[in-house]
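Thanks for making time this morning. I would like to walk you through one model, and I will ask you to keep the sequence and the structure in view while I talk.

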Amino acid sequence: MHDAVIVSAVRTPFTRAFSGALSESTEFDLAKAVVRGAMEGPGLRPETIDEIALGEVYQGGGCIARYVALDLGMPADTPGIAIGAFCSSGMVAVHHAVASVRSGMKHCVIAGGVSSVSVSADPATAPKTWSPSHPGSTGEPASDLTFNLGEMTARKLGVSRADIDEWAYRAHRSAVEAIDRGLFADEHVPVETGGRSITAPDELPRRDLTPQALAELEPVLGPGHTVTVGNQTGLTDGAAALAICSRAYANEHGLTPLATVRGWANVGAEPNEAMSAALTATRRAMQVAGMRADSVTRFEVHDSFAVLGLAFERGLDLDREKINVLGGGLALGHPFAGSGARVAVTLVHSLRRSGGGTGVGVVLGAGGMATALALEVPAA
């Protein structure tokens with residue numbers, strides 16, 4: 001088996017859906033930005049890319065990856081593949097690329113995920129009764145992730161609203177600090193839309209958020225519940241992509257490996273048990289990679305609800321200071337298929353800035369799915 005190394009890792013800014021700087025950008029605009037950025041950063045030529053794999057959600061058919069390959073002037077024989085696994089889609093695309101490279105079937109693949117929530121999930125036109133991930137029932141309403149992921153996890157974990165809000169406050173504070181220190185600069189690429197080059201900051205992190213303001217918010221599902229608009233993520237537009245090559249290919253072409261992928265896992269569970277799937281996926285990815293939780297340098301969990309971060313911390317008995325050090329998905333936002341790839345991108349750059357080490361990223365998907373990735377960044 002060949003080592004699969006990451007030679008570039010980029011994303012667009014994550015901007016507010018329906019009102020943000022990228023709200024008029026299509027999935028094609030966003031995908032072109034990150035695929036181009038993943039190639040140009042390390043100096044990859046279009047003809048050296050064996051395949052593009054992009055996670056998609058709510059596209060209604062088609063293949064953005066193939067469209068982008070041709071639109072960017074890649075050879076006509078460059079294939080594209082669309083991967084759909086709901087919120088896990090972007091990370092599953094990375095798994096696909098890693099497996100192709102490790103097997104020797106491909107030498108260099110660009111993988112990631114993209115969603116323009118503003119364009120493809122406009123509430124004015126989106127179906128109101130369509131089940132996106134599993135057959136609905138009284139106990140597991142198909143469309144209500146606030147209940148399935150947020151409230152059910154809080155109920156099973158037995159955590160207080162105050163504990164959940166504390167996690168949310170830390171997430172936004174950490175993300176704002178990271179933005180102010182320019183720590184996302186290595187991740188960001190501009191987006192070309194309508195003849196304009198958009199270089200916006202991440203828009204979702206709240207500078208004005210206080211513990212008191214969080215405590216005063218009413219629960220989304222009414223009294224007695226825990227999820228509020230303050231302790232869950234917001235919808236954003238965005239995309240992320242990574243260039244993944246064999247180590248031999250990187251050496252031959254003078255490419256600098258940023259990280260080596262050591263393990264990965266996909267796990268399913270009952271629709272309201274996605275947190276257990278996330279813990280299992282993380283353990284399996286670490287087992288494959290030969291890692292122990294207490295020795296992993298950094299964890300990045302896409303905490304679309306603050307309680308998911310708490311459950312991850314407690315379920316694996318982790319040091320909180322190792323988790324989502326730059327704010328995580330709760331603060332940065334959720335562009336559906338882009339989130340899993342963003343987890344990998346942020347993990348790579350975070351570890352490089354801290355001098356290297358091991359990292360594990362995980363994202364939960366609708367319908368009780370979870371996907372994890374374990375990687376190693378060489379010492380600086």
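This is a predicted model: local features need pLDDT of at least 70, side-chain atom pairs count only at pLDDT 80 or more; totals for chains, interfaces and linings use all residues.

Glu 300 is buried, and Arg 342 is buried as well, where buried means under 20% relative accessible area, exposed means over 50%, and partly exposed lies in between, with a 1.4 Å probe and protein chains only. The side chains of these two residues, Glu 300 and Arg 342, meet in a salt bridge at 2.8 Å, N to O, the term being used for a side-chain nitrogen of Lys or Arg within 4 Å of a carboxyl oxygen of Asp or Glu. The pair links distant parts of the chain, since Glu 300 sits in strand 10 and Arg 342 in helix 12 (residues 339-353), 42 residues apart; helices (H or I, at least four residues) and strands (E, at least two) are DSSP runs, numbered from the N terminus.

Residues are numbered from 1 along each chain as its sequence is written, and side-chain values use heavy atoms, with hydrogens and water left out.

Staying with strand 10, residues 298-302, five of its five residues are buried. In a regular strand the side chains alternate between the two faces of the sheet. Here both faces are covered, with Arg 298, Glu 300 and His 302 on one side and Phe 299 and Val 301 on the other. Strand 10 pairs with strand 11 (residues 357-365) in the parallel sense over five bridges, pairing being assigned if DSSP finds at least two bridges between two strands. In that pairing, Val 301 stands opposite Val 362 of strand 11.

Let me return to the salt bridges, of which the structure holds 16. One of them joins Arg 11 to Glu 187, with the closest N and O atoms 2.5 Å apart. Arg 11 lies in strand 1 (residues 4-11) and Glu 187 in the loop between helix 6 and strand 6 (191-193), so this pair ties together parts that are 176 residues apart in sequence. Both partners, Arg 11 and Glu 187, are buried.

Asp 180 and Arg 207 form another salt bridge, their closest N and O atoms being 2.5 Å apart. Asp 180 belongs to helix 6 and Arg 207 to the loop between strand 7 (196-198) and helix 7 (211-216), so the parts tied together are 27 residues apart in sequence. Is Arg 207 buried or exposed? Arg 207 is exposed, with a relative accessible area of 56%.

Now to helix packing. Helix 6 (residues 161-180) and helix 10 (residues 306-315) pack at an angle of about 100°, with their axes 8 Å apart; axes are lines fitted to C-alpha atoms, for helices over the stretch in contact, and angles run from 0 to 180 degrees between N-to-C directions. That makes helix 6 roughly perpendicular to helix 10, given that 65 to 115 degrees counts as roughly perpendicular, under 35 as roughly parallel, over 145 as roughly antiparallel and the rest as oblique. From helix 6, Asp 163, Ile 164, Trp 167 and Ala 168 meet Ala 306, Val 307, Gly 309, Leu 310, Glu 313 and Arg 314 of helix 10, contact meaning heavy atoms within 4.5 Å.

Finally, Thr 226 is placed in the loop between helix 7 and strand 8 (236-246), and Thr 226 is buried at 12% relative accessible area. Leaving aside residues up to four places away in sequence, Thr 226 touches Glu 151, Ala 154, Arg 161, Ile 164, Pro 219 and Asn 231.
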